[in-house]
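User: Hi! I have a protein model open here and would like to talk through its side chains with you. Could you help me find my way around?

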Amino acid sequence: MGRQDVTAVGRGVSAGPVGLARGVALTGLAIGEALLAVWACLVLCLASVGLGLPLLPGALRAVRAQARRQRRLAWAWSGVRVDDPYRPVSGETARAGGWRETRWRLTDPTTWRDLMWLLVNPCIGPVMAFLPLVAVVHGLFGVVLAFAWRPITSAWDGVWFDFIPVTGQTTATLAAALGVVQACCGLLLFPRWLMPLHGRWVRFVLGKSRGTLNERVEQLQTSRSDAVDLQAAELRRIERDLHDGTQARLVALGMTLTAAESLLEHNPEAARALLAEAKGNSTRALNELRDLVHGVHPPLLADRGLVDAVRTFAFELPFPVQVTGEIPGRLPAPVESAAYFAIAELLGNVVKHAEADQVSVDFRYDHHVLRAAVHDNGVGGATARDGGGIRGIERRLAAFDGTLALTSLPGGGTTAALEIGCDLLDGTDETGVASRSR
């Protein structure tokens with residue numbers, strides 16, 4: 001177990017009645033998983049001949065929901081983090097839903113690992129989860145033998161407690177002493193040993209496999225290449241803006257000042273006019289530099305954070321924008337910048353194409369994931385075209401292992417939801433539930 005797991009174990013694993021109750025709950029879940037496995041296998045068999053197709057999407061959702069519940073409980077109860085190894089769903093697949101999404105899940109190897117979990121966990125999981133309660137009950141039976149060994153041995157024609165044959169008061173007392181030890185172990189020690197073991201069992205079956213990790217490496221290599229291309233394109237844009245805009249204006253400013261200097265003694269009025277022109281050029285050059293710096297990294301983003309920067313940007317738009325949600329801390333600067341420019345571009349698309357009069361931006365941060373959604377009530381019909389702005393946003397987010405899901409029905413408005421996995425700079429991981437709106 002790594003350092004992160006050890007730290008979490010001290011925080012998440014409970015002994016005593018709470019630990020026993022969690023073991024019973026996990027055993028109950030295992031029994032439910034056995035029933036769900038029978039149901040899922042029956043649906044798959046019927047779907048192979050066409051009869052179970054209407055039930056297949058619901059069965060796959062139930063299997064995935066149960067696997068995700070076990071991953072959450074592994075962290076909350078055992079202190080073992082198990083990340084979802086599912087393949088990311090593309091925006092088009094998420095928008096299509098229905099059978100297209102079902103086919104996507106069937107081609108995901110993790111779906112079949114989830115089903116394998118339902119088949120094997122009812123046989124293995126309860127052994128680790130339920131053993132502490134068994135030890136407590138069996139230990140209490142040993143204590144009872146110290147006081148009622150005569151009727152029990154008479155009714156059962158002799159009793160053994162573990163390796164002790166109970167034939168008299170002495171052996172019954174030894175059985176009671178051993179029972180106290182077993183009950184204490186089952187109540188205090190076994191949950192602290194076996195619950196983390198159960199969590200590692202969940203990670204072994206439901207965690208990321210080597211094939212998934214290899215695929216993940218390929219995705220990261222692709223996203224890294226895209227990030228390098230984006231950075232190079234951004235540098236070229238900055239160079240072009242400086243060369244064609246600010247640099248040209250500064251050259252013109254220098255030429256104007258030179259001409260004014262030559263006219264200063266002979267024609268003061270003309271020199272004064274040239275100085276006024278130079279002043280205007282310097283003001284315009286300063287504004288261009290400010291816009292360029294704002295396009296690289298807005299100062300407000302560095303000073304106040306993502307939510308306030310987006311809220312300030314929204315004030316400049318020609319329609320009201322409701323910005324809700326909070327982030328309980330500061331995000332890494334590259335993540336804040338990527339999220340800010342992604343949201344800014346989405347809002348810019350609303351201004352250009354959506355014909356909307358109601359727009360909202362909602363922020364959430366929980367379980368080490370930043371989530372932001374931009375919704376408008378415009379004409380809808382937005383698509384992710386190659387070379388378009390949406391593809392650019394997807395590439396920008398992919399550099400941080402982020403995703404963008406676009407839902408845009410004609411006449412039904414557009415919702416763009418982005419997710420970026422990241423940690424807060426102060427190390428906290430709480431959900432910002434306070435809401436402020438414009």
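User: Which residues form one aromatic cluster with Trp117?

Analyst: Trp117 clusters with Trp201 and Phe204. Rings of Phe, Tyr and Trp (its six-membered ring) pair here if their centres lie within 6.5 Å; planes under 30 degrees apart are stacked, those over 60 are edge-to-face, and the rest are tilted. Before we go on, please note that this is a predicted model: local features need pLDDT of at least 70, side-chain atom pairs count only at pLDDT 80 or more, and totals for chains, interfaces and linings use all residues. Residues are numbered from 1 along each chain as its sequence is written, and side-chain values use heavy atoms, with hydrogens and water left out.

User: Good to know. How many aromatic pairs are there by that rule?

Analyst: The count is five. One of them is phenylalanine 313 with tyrosine 340: the ring centres are 6.2 Å apart and the planes stand at 75 degrees, so this pair is edge-to-face.

User: And where do phenylalanine 313 and tyrosine 340 lie?

Analyst: Phenylalanine 313 is in helix α11 (residues 306-315) and tyrosine 340 in helix α12 (residues 333-354), so the pair ties together parts that are 27 residues apart in sequence. Helices here are DSSP runs of H or I with at least four residues, strands are runs of E with at least two, and both are numbered from the N terminus.

User: Is tyrosine 340 buried or exposed?

Analyst: Tyrosine 340 is buried, at 4% relative accessibility. Buried means under 20% relative accessible area, exposed over 50%, and partly exposed in between, using a 1.4 Å probe and protein chains only. Phenylalanine 313 is buried as well, at 19%. Tyrosine 340 also pairs edge-to-face with phenylalanine 341, at 5.3 Å centre to centre and 80 degrees between the planes.

User: Let's switch to the nonpolar core. Which residues have the most contacts inside the largest one?

Analyst: Those are Leu306, Ile327, Ile343, Val361, Phe363 and Leu370, in a core of 43 residues. A nonpolar core is a set of buried Ala, Val, Leu, Ile, Met, Phe, Trp, Tyr and Cys residues joined through side-chain atoms within 4.5 Å. Among the elements that each supply at least two residues are α11, α12, β6 and β7. Helix α12 gives the most, with eleven residues.

User: What does isoleucine 343 touch?

Analyst: Leaving out residues up to four places away in sequence, isoleucine 343 touches Val310, Val361, Phe363, Ala372, Val374 and Leu418. Contact means heavy atoms within 4.5 Å. There is also a second, separate core of 17 residues, which includes Ala74, Tyr86, Trp117 and Trp201.

User: How many bridges join β6 to β7?

Analyst: Six, and the two strands run antiparallel; β7 covers residues 414-421. Two strands pair if DSSP finds at least two bridges between them. Threonine 407 stands opposite threonine 415 in β7. The hairpin has five residues between the strands, and glycine 411 there takes a positive phi near 80 degrees.

User: Which residue has a positive phi although it is not a glycine?

Analyst: That is glutamate 355, with a phi of about 55 degrees. Most residues other than glycine have a negative phi. Glutamate 355 lies in the loop between α12 and β4 and is exposed, at 69% relative accessibility.
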